[in-house]
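This report sets out the sheet, the core and the aromatic contacts of the structure shown below.

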Amino acid sequence: MPKKAFLEITNVCNLSCSFCHKTKRPLRYMSEDKFSLAASRVRPFADFLYFHLMGEPLLHPKLDRFLEIAKELSFRAILTTNGTLLKKRENTLLSSPALYKVSISLHSYEANEVCFSLEDYLEDCFSFCKKGAEAGIICVMRLWNLGGEECKRNERILSLMHERFPGEWKETYSGFRITDKVFLEWGERFDWPDIDAEEISTHHTCYGLRDQIGILCDGTVVPCCLDAEGAVPLGNIYVSSVEDILSSERAVKLRESLIKRDVKEPLCRRCGFAKQKGFK
């Protein structure tokens, strides 16, 4: 059963990254009542609550309250952010006892036309990581751009990172442990699953419905964090119980097909992430 729930508190973003699938769904911010209901219903199935699927979670004006609710429900809260609002929302993040990890997509900088310098952007990210680590928050700086156009500044980013975090970095399976609770994570650029794209693979597995589920900001439950358009709707968490959604015919068949590596869902046959990760 899923251990992670990706709860999209907003699908609004302040950037337009070239690598991002983006969404054609109506833009919205989840209300406090809807967040509380969704989080409560998913709690028996998940210990980790991710505050995103699409969108930039630091844009949400109720972020502080959502973190309080996550604490009340004993979740370990996790945020993925493009990093541009870390300085602005720093106090909210650092003061939250629920916040377990923050992942910062440093590759966002080069994937946009921005009006601020790389050095200023990185300084805000590095500063947060230092303060976050001191507050007990795991901070992961991501460069998920290998093999793509957005890796041209990686050398400069690493140089500035070494200046800010001197000393020996310990290699891990996905990058480096820079210092206590601060990590650098590498990743290949991948193609988001798109229902209109060509099929990529039918013989793979993945984390969907086995390790995670996704909940879009309108309550639609999807198999994983990469269903940007809700192409595989399994139900709505505001209408049905999680038990009923996960035991529905479509959910059961999808989970079984991933276990057997005999993928039937059209969207899952077009998943570049599964191909990149080699889930064979």
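This is a predicted model: local features need pLDDT of at least 70, side-chain atom pairs count only at pLDDT 80 or more; totals for chains, interfaces and linings use all residues.

Tyr121, at 4% relative accessibility, counts as buried. The rings of Phe116 and Tyr121 form a tilted aromatic pair, with 6.1 Å centre to centre and 35° between the planes.

**Aromatic pairs and charges over rings**

The count of aromatic pairs comes to nine. A pair of aromatic rings is described by the distance of the centres and the angle of the planes. Two of the pairs are tabulated here.

| Pair | Centre to centre | Angle between planes | Class |
|---|---|---|---|
| Phe35 and Phe51 | 5.5 Å | 65° | edge-to-face |
| Phe116 and Tyr121 | 6.1 Å | 35° | tilted |

Phe35 belongs to helix α1 (residues 32-42), whereas Phe51 lies in the loop between β2 (48-50) and α2 (63-72); the pair therefore ties together parts that are 16 residues apart in sequence. Phe35 counts as buried, at 0% relative accessibility, and Phe51 also counts as buried, at 1%. Ring pairs link Phe35 and Phe51 with Phe66 into a cluster.

Charged side chains also lie over aromatic rings. Arg142 is placed over the face of Trp144, 4.0 Å from the ring centre. Lys4 is placed over the face of Tyr207, at 6.0 Å from the ring centre.

**The sheet**

Eleven strands form an open sheet with mixed pairing, in the order β6-β7-β8-β5-β4-β3-β2-β1-β9-β10-β11. Its edge strands are β6 (170-171) and β11 (235-236), each of which pairs on one side only.

Which residues of β5 are paired with partners in β4 and β8? Met141 of β5 is the bridge partner of Ile104, and Leu143 has Trp186 of β8 as its bridge partner. Strand β4 (residues 99-105) runs parallel to β5 and is joined to β5 by five bridges. From β4 the chain passes through helix α4 (residues 118-134) to β5, in a β-α-β crossover that is right-handed. The pairing of β5 with strand β8 (residues 182-188) is likewise in the parallel sense, over six bridges. Of the nine residues of β5 (residues 138-146), seven are buried, so this strand is largely enclosed by the rest of the structure.

Elsewhere in the sheet, strand β1 (residues 4-7) pairs with β2 in the parallel sense over three bridges. There, Ala5 has Leu49 of β2 as its bridge partner.

In soluble globular proteins, nonpolar side chains tend to be buried together. Here the largest nonpolar core has 69 residues, and those with the most contacts inside this core are Phe35, Phe51, Ile104, Leu106, Met141 and Met161. Helix α4 gives the most to this core, with eight residues. Apart from this core lies another, of 16 residues, which include Phe6, Val222, Cys225 and Phe273.

The surroundings of Ile104 can be listed in detail. Leaving aside neighbours within four places in sequence, Ile104 is in contact with Thr81, Asn82, Gly83, Leu86, Tyr121, Cys125, Phe128, Cys129, Val140, Met141 and Arg142. Among these contacts, Met141 is also the bridge partner of Ile104 in β5, and Tyr121 is the buried member of the tilted pair with Phe116.

Methods. Residues are numbered from 1 along each chain as its sequence is written. Side-chain values use heavy atoms; hydrogens and water are left out. Buried means under 20% relative accessible area, exposed over 50%, partly exposed in between (1.4 Å probe, protein chains only). Helices (H or I, at least four residues) and strands (E, at least two) are DSSP runs, numbered from the N terminus. Two strands pair if DSSP finds at least two bridges between them. A crossover is right-handed if, with the strands pointing away from the viewer, the path from the first strand over the helix to the second runs clockwise. Rings of Phe, Tyr and Trp (its six-membered ring) pair if their centres lie within 6.5 Å; planes under 30 degrees apart count as stacked, over 60 as edge-to-face and the rest as tilted. A charge sits over a ring if NZ of Lys or CZ of Arg is within 6 Å of the ring centre and within 35 degrees of the ring normal. A nonpolar core is a set of buried Ala, Val, Leu, Ile, Met, Phe, Trp, Tyr and Cys residues joined through side-chain atoms within 4.5 Å. Contact means heavy atoms within 4.5 Å.
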